[in-house]
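Good morning, and thank you for the time on today's agenda. Please look at the structure on the screen while I take you through a few of its elements.

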Amino acid sequence: MASPRRLIGVFVVIVVLAVGGAAVVATTATDSGQADGAQISGQSPQQFQPDAVNHQADPETGEIDVDASDGAKRILVDTSHGNQISRSDVEPVVEAAFESGHSVEFGTSGDRRSSYAETISNYDAVLIVQPTSAFSRSERNAIQNYTDAGGRVVVLGEPTQIQAALGLFGAPSAVSFGATNLTQSYGFRVGAEMLYNMNAEGTDNNFKSIYASPSTDDELTQGVETVNFDQSGYVVVNEEHDDADDIEVLYTSVDGTRTLETRREGEYATAVRSENVVFVADSTFIQESDVYDADNEVFVGNLMDFLVSGDLDDSFPTDTGPATEPPEPPDAPTPTPTPPEPATPTPTPVGESS
Amino acid sequence: MLNGTNLTASTVAMYIVVIAAALVTAAVVAPAVSSVVQETSGDEPTVAVLTLRGGTTDGNVNQLTEDLREARTNDSIEAVVLRIDSSGGPVDSSEELYLAVNKTAAEMPVVAYVEGSAASGGYFGIVPSDAIVVKPSSNVGSIGVVVAAPLELIELVGDQQETFVRSGPDKAQISKDSIRSDLESLKNAFVGTVMTHRGDELDLSRQEVARGDIYLGTEAVQNGFADRIGDEDTAIEMAAERSSAIEGDQYDVTYFEQPGFRFPLPFASEDVEKVEGNIVYVERSDSDRVEFVEPVQYYAVWGVPASQENASVEVVANG
């Protein structure tokens with residue numbers, strides 16, 4: 001009788017031999033006999049080389065120069081129409097104006113004691129940045145009379161955009177330029193879509209950060225080769241407007257620019273001027289993050305010169321004279337000959353209220 | 001003597017039983033052992049089918065690059081079919097996948113079969129293939145890069161400056177401009193890779209590729225993002241045809257299956273930081289130290305972040 005121990009021994013030996021043999025055969029079949037190093041060969045693809053990959057953004061250089069020759073002027077930055085601008089965004093511009101002796105104030109039309117006309121009458125120029133609420137008829141009339149009387153107004157606006165949801169339960173919402181009714185009265189409005197450009201030479205550092213170049217020789221295009229608009233739309237001009245002949249396209253988008261939704265390629269007007277009003281279909285180029293891109297600082301300097309070189313004459317009512325009539329109600333349908341109040345000769349605005 | 005003869009006969013019978021049992025055991029165990037040591041067996045040249053189902057994440061890509069290395073070093077594997085259903089992932093691991101496939105394609109035919117999607121980082125991975133086979137419902141393209149960065153980090157640069165005492169003005173700074181420049185550079189690498197490998201086939205210009213459109217399989221065959229409508233076997237046949245070591249249909253097919261988690265883990269799954277092949281990195285937090293995460297992550301993906309809000313997106317038509 002074979003001992004169990006011997007039988008187990010035989011079992012184990014056979015299993016080990018068979019399995020081990022299979023492993024050895026498999027190993028031999030796999031092992032090519034080469035050293036590991038023989039299979040090592042690196043790769044450095046051409047399209048991954050720095051020259052092919054690295055992106056060069058525009059250097060942010062230059063200075064904002066504002067003309068001081070016409071003496072100290074006061075500029076009002078409108079804050080009463082849901083304007084998407086903060087003081088810190090435009091600090092470089094305020095600083096440049098200050099250096100040339102001008103002052104920039106953030107104001108509101110709408111306190112109870114004064115009409116919009118009274119408010120703006122205290123300033124030499126008005127800057128309206130991306131308003132999201134509409135201008136009332138009296139406000140529109142006030143601005144129309146203001147520019148007719150030589151006051152200067154610059155409006156910066158963007159086309160409708162979807163804003164990301166904020167907060168846990170926030171839903172995405174559309175943000176629209178609110179002053180279309182104001183600009184339309186001058187014969188232009190912001191277009192329906194944003195612009196983009198896929199050519200590397202047509203943008204700064206993103207397909208939506210487009211370049212535009214001067215399309216005319218004007219004080220507002222002097223010294224500028226290229227401007228960079230980060231959220232640019234385009235301006236549509238009403239060619240049948242009474243003042244259509246006065247409308248001048250200042251800047252147009254460079255080659256390869258298209259509309260974001262419908263992909264229509266074209267040379268789009270991005271900034272226009274009609275006498276004492278300038279409208280730019282972008283509100284980012286004046287902000288700290290973008291003001292030194294491309295020649296933006298020169299364009300912003302030109303815009304500031306435009307604002308401070310206005311000459312508001314006496315045909316626009318001011319609040320320094322004696323009061324003979326009560327102030328016009330805010331929504332009066334007729335243009336403003338807004339009579340001033342005698343007891344309140346002090347300029348109203350200042351203070352960012354909402 | 002008689003007794004002894006009987007004893008010998010029974011002993012022999014027991015040995016026979018034991019030997020038979022041993023051989024049966026060996027017959028069961030040996031093939032498994034053999035296949036562990038050598039994934040393929042037999043004399044025929046082999047087409048290996050490698051699979052990536054899921055994102056081009058660190059773990060998935062690491063597994064696939066190991067499989068590709070195995071395919072390159074195994075003498076019997078003469079061609080590779082890359083079966084893919086991936087809508088991409090982080091740019092860094094997508095580039096890793098590209099490099100591994102590119103290296104393999106330099107040594108043997110590689111044909112990609114797009115089972116579901118080969119979008120963004122997924123397409124980055126298969127673009128060096130010799131041919132790309134799609135179905136009508138395959139999603140191909142979406143060439144481009146997105147960035148995931150907390151908005152407040154970008155917008156509150158001033159606050160960031162106060163978070164640390166820093167050694168230089170750019171230390172611990174994130175700006176919109178720097179992120180955009182990085183995005184442009186990563187896009188250049190990605191689009192450049194697509195143009196390098198598919199430029200001759202593509203009907204689209206570099207700018208059109210960079211728009212980042214996604215295409216159905218049928219559109220992709222027309223515009224050059226893919227080569228042929230077909231199935232997995234089409235891809236295997238094309239891979240075999242392209243190999244000079246394979247004659248006619250004299251080849252074997254072996255599948256490298258994508259492994260999942262195969263072993264029970266001695267730690268909670270939420271502690272797992274990342275998985276690379278069989279290596280699992282576990283986060284051990286130390287409450288005495290500030291923990292840092294990468295503030296900005298670049299993805300080559302086609303998709304939207306998976307979240308509660310996105311789970312119930314509705315399209316409402318006005319009117």
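I begin with strand S3 of chain A, where A:Ala125, A:Leu127 and A:Val129 point one way, A:Val126 and A:Ile128 point the other way, and all of these residues are buried. Please keep in mind that this is a predicted model. Because five of the five residues of S3(A) are buried, the strand is largely enclosed by the rest of the structure.

Which strands pair with S3(A)? One of them is strand S4 of chain A, residues 152-156, which runs parallel to S3(A) and is joined to it by five bridges. Within this pairing, A:Val126 stands opposite A:Val153 in S4(A). To get from S3(A) to S4(A), the chain passes through helix H5 of chain A, residues 137-148, and this β-α-β crossover is right-handed.

Strand S1 of chain A, residues 74-78, also pairs with S3(A): the two run parallel, and three bridges join them. S1(A) is itself mostly covered, with four of its five residues buried.

S1(A) has a further parallel pairing, over five bridges, with strand S2 of chain A, residues 103-107. In that pairing, A:Asp78 stands opposite A:Gly107 in S2(A). Together with helix H3 of chain A, residues 91-99, strands S1(A) and S2(A) make a right-handed β-α-β unit. For those new to the subject, the strands of a sheet pair through backbone hydrogen bonds, either parallel or antiparallel.

How many of its 354 residues count as buried? The share is 42%. If we take the contacts in chain A between residues at least 6 apart in sequence, 77% of them join residues at least 24 apart.

Chain B has 11 helices and 13 strands. Of its 319 residues, 39% count as buried. For contacts in chain B between residues at least 6 apart in sequence, 75% join residues at least 24 apart.

I turn next to a sheet in chain B. Three of its strands form an open sheet in the order S3-S13-S7, and here the pairing is antiparallel. Which strands lie at the edges? They are S3(B), residues 88-90, and S7(B), residues 146-148, each of which pairs on one side only. On average, and with direction ignored, neighbouring strands of this sheet are turned by 25° against each other.

S3(B) and strand S13 of chain B, residues 297-301, run antiparallel and are joined by three bridges. B:Gly89 is found opposite B:Ala300 in S13(B). Two helices that pack on this sheet deserve mention. H3(B) touches S3 and S13 of chain B, and its direction makes about 120° with that of S3(B). H7(B) packs there as well, touching S7 and S13 of chain B, with a direction at about 35° to that of S13(B).

H3(B), residues 91-107, also packs against helix H2 of chain B, residues 58-73, at an angle of about 10° and with the axes 9 Å apart. That angle is why H2(B) is described as roughly parallel to H3(B). The residues making this contact include B:Val61, B:Leu64 and B:Leu68 of H2(B), and B:Leu97, B:Ala100 and B:Val101 of H3(B). Sorted by class, the contact has seven nonpolar, three polar and four charged residues.

Finally, I come to where the two chains meet. The contact takes 38 residues from chain B and 32 residues from chain A. Which helices of chain B supply at least two residues each to the side that touches chain A? They are H1, H3, H7 and H8 of chain B. H1(B) gives the most, with 17 residues. The residues on this side of chain B divide into 16 nonpolar, 15 polar and seven charged.

Thank you for your attention.

Notes:
Residues numbered from 1 in each chain as written. Chains lettered and ligands numbered in written order. Predicted model: local features only at pLDDT ≥ 70, side-chain atom pairs only at ≥ 80, totals over all residues. Axes fitted to C-alpha atoms, helices over the stretch in contact; angles between N-to-C directions. Parallel < 35°, antiparallel > 145°, perpendicular 65-115°, else oblique. Contact = placed C-beta atoms within 7 Å. Nonpolar A, V, L, I, M, F, W, Y, C, P; charged D, E, K, R; others polar. Buried ≥ 20, exposed ≤ 12 C-beta atoms within 10 Å, placed from the backbone. Pairing = 2+ DSSP bridges. Right-handed = clockwise from strand over helix to strand, strands pointing away.
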